[in-house]
Every structure is written in structure tokens, then in C-alpha cells.
Amino acid sequence: MQPKLKAAGCAAKARINKQRVAANFSRAATTYDSAAVLQKRVAARVMMGLPTEARPGCVLDLGSGTGSQTALLSGHFPDSHVTGLDLAMGMLQFARSQCDSASWCSGDIESLPFKSESFDLVFSSLAIQWCSFETVLEEIHRVLQPGGVFVFSSLASGTMVELEEAWQQVDRDVHINGFDSFEQQQRWLLESGFKQQSFRQQTETLYYPELFQMLRELKALGVNTVHDGPPGLMSRGRLIRLQEVYESFRVAAGLPLSYQVLYGILRKPAHA
Ligand SMILES: C[S@@+](CC[C@H](N)C(=O)[O-])C[C@H]1O[C@@H](n2cnc3c(N)ncnc32)[C@H](O)[C@@H]1O
């Protein structure tokens, strides 16, 4: 039986260092797609929430990464003008080299470089969790046309709780990025001026044969710590201790790492 995890969802959301976010993801541009098992599964679910009847003129993919979802959006809406936006130059360069059916734009989701009401559809998968959800909602509400739709996934507190708990038994450094709770994000959503079509949380758990494979994959994804403090130390002794602690979480399928994934579909009222 899996041991009870003491620290469930405790990692508080710290100030995010955007330079670190951009540097980590830029470094991971060429390794991301082969490690993105969960990310692909989640993005496929977000795609299922795309409006079926709509023929959007302009579509925006926020935090487009390697551009694989942006390319799918271009295929899904062949008559639309699709733009991928990302903070990480390395990701944008990679995406541009893979897909020429979309436009690419460097920018920050919290301060979008677009005029108000310039998009009919905004898509985002696993990118906005490193931003203030309140600010993101304001910005997307601004750039969407009345009647426009925002389809997205994000993360909530409790994500990587096993790794957080294991690190807490090793040292006092911050190793895990904290996320806001589902309830807090729901409150911001209710105040945002969007009409909520759906907003739900789903637990996804990946299993690894051993800890070092898990850590290698997280690095390949660019999912290192991005808070605004000193990075946690990773000496060999601490890693060995971490491995010992994590082994106590092992179940038949392997070492678990869970994500609290949020899925949302929001519509800006036609007469806002
Ligand atoms: C986990 S990847 C997801 C990529 C893609 N959406 C997917 O599903 O495969 C997150 C991406 O969001 C970008 N990102 C994070 N914070 C951002 C911000 N504030 N503004 C723009 N992009 C951001 C990162 O650079 C990274 O490329």
C-alpha cells in the first residue's frame, strides 16, 4: 500500500522567476517532445474541448513550446490564422523550424503584445500555471473578441506531492514549484467576467521504474524549479537520501509522481 503523504499540496506558490522559466525551457527545446508523455495526453484532452461549430478567424496558442499543439490547431482550423506565443526563445526557434503554417511571437502571457479583441479562440496547455491566473484571465478577456472562447489546461496545488514530501525529508530547500489550489483558481474565475462552460480538476499519475529516470525526464521537459529563490542543492549525498525516501512510496506500477491537472472552457460573453 502507498504510504500516506504528509505534505499533500503544501508547496506555496512562490514568486516565479521568468528568466529561469525561459532559460529552462529554451534548454529543453530539443528534448521536450520525447519526454512529454503527460503533456501530450493533457493537450489531447484540451483539444477535445475546442468548439466544434466555430470557424475562428484568429487563433492564439499561449505557451506554445515546441509548437506541436500549434501545428495541430493549424490543421484543425485550416482557414484560420494561428499564432504561437512563448517566452522561451529556444522553444520559438525550434517551433519555427518544425511548422510554417503558423506565426510565431515572443512574449509573456501576463502582458500580451496584441491589441484588444484580436482573437476568436485562445488555446493553452500546461503553460499558464507559472503565471498569476488572475492576470492571465484579465489579459485573455482583453484580447478575445466578444463571444470568443478560451480552452486550456493548467496545474493546481498537490502537483508532484510525492517529490515534495520526499525532498522535505532530505533538506529544507525549496525544490518544487508551488501552484494555487483549484478552489482559489475557481474563485478568480468567478470574478473574471468569463462565462464558465466547464472547469474541473483531474489527478494524473505517472509511474517510473527508478527515481533518476524521473529526474532526467523532468529536466528534459524543462520542468526545473522556477521560483525566485536560490535553487535547491542537488549533491550526490542528498540525491541518494532522496532515492531512499522515495522508495518508500513505491507501488506495484513503480514510483508515482502525480499531477493535479485543471481543464477549463470559458467564453467571453457576446456583449461584455
Ligand atoms: C510545459 S510547456 C507546454 C508547451 C505546449 N503548450 C505543450 O502542451 O506541449 C510550457 C511552455 O510555456 C512557456 N511559458 C511559461 N511561462 C510563460 C509565460 N509567462 N509567457 C509565455 N510563455 C510561457 C514555456 O516557455 C514553455 O514553452
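This is a predicted model: local features need pLDDT of at least 70, side-chain atom pairs count only at pLDDT 80 or more; totals for chains, interfaces and linings use all residues.
**View A. Helices α6 and α8 pass each other in a right-handed crossing.** Helix α6 covers residues 133–143 and helix α8 covers residues 182–190. Their axes come within 9 Å and cross at roughly 30°. With angles under 35 degrees counted as roughly parallel, α6 and α8 are therefore roughly parallel to each other.

**View B. Residues from both helices make the contact of α6 with α8.** From α6, look for Phe133, Glu134 and Leu137. Their partners on α8 are Gln185, Trp188 and Leu189. Sorted by class, this contact has four nonpolar residues, one polar and one charged.

**View C. The largest nonpolar core has 56 residues.** Leu163, Met214, Tyr246, Leu257 and Tyr259 have the most contacts inside this core. Helix α9 (residues 211–221) gives the largest share, six residues. Zooming in on tyrosine 259, and leaving aside neighbours within four places in sequence, you will find this residue in contact with Leu38, Leu155, Thr159, Met160, Gln202, Thr203, Glu204, Leu206 and Leu218. Another core, of 28 residues, lies apart from the largest one; among its members are Ile140, Trp188, Phe194 and Leu266. As a general note, nonpolar side chains tend to be buried together in soluble globular proteins.

**View D. Glutamate 183 sits in helix α8.** Glutamate 183 has 47% relative accessibility and so counts as partly exposed. Serine 157 is 26 residues away from glutamate 183 in sequence, while their C-alpha atoms are 9.8 Å apart in space.

How values were computed: Residues are numbered from 1 along each chain as its sequence is written. Side-chain values use heavy atoms; hydrogens and water are left out. Axes are lines fitted to C-alpha atoms, for helices over the stretch in contact, and angles run from 0 to 180 degrees between N-to-C directions. Helices (H or I, at least four residues) and strands (E, at least two) are DSSP runs, numbered from the N terminus. Angles under 35 degrees count as roughly parallel, over 145 as roughly antiparallel, 65 to 115 as roughly perpendicular and the rest as oblique. A crossing is left-handed if the near helix is turned anticlockwise from the far one by less than a right angle, and right-handed if clockwise. Contact means heavy atoms within 4.5 Å. Ala, Val, Leu, Ile, Met, Phe, Trp, Tyr, Cys and Pro count as nonpolar, Asp, Glu, Lys and Arg as charged, and the others, Gly among them, as polar. A nonpolar core is a set of buried Ala, Val, Leu, Ile, Met, Phe, Trp, Tyr and Cys residues joined through side-chain atoms within 4.5 Å. Buried means under 20% relative accessible area, exposed over 50%, partly exposed in between (1.4 Å probe, protein chains only).
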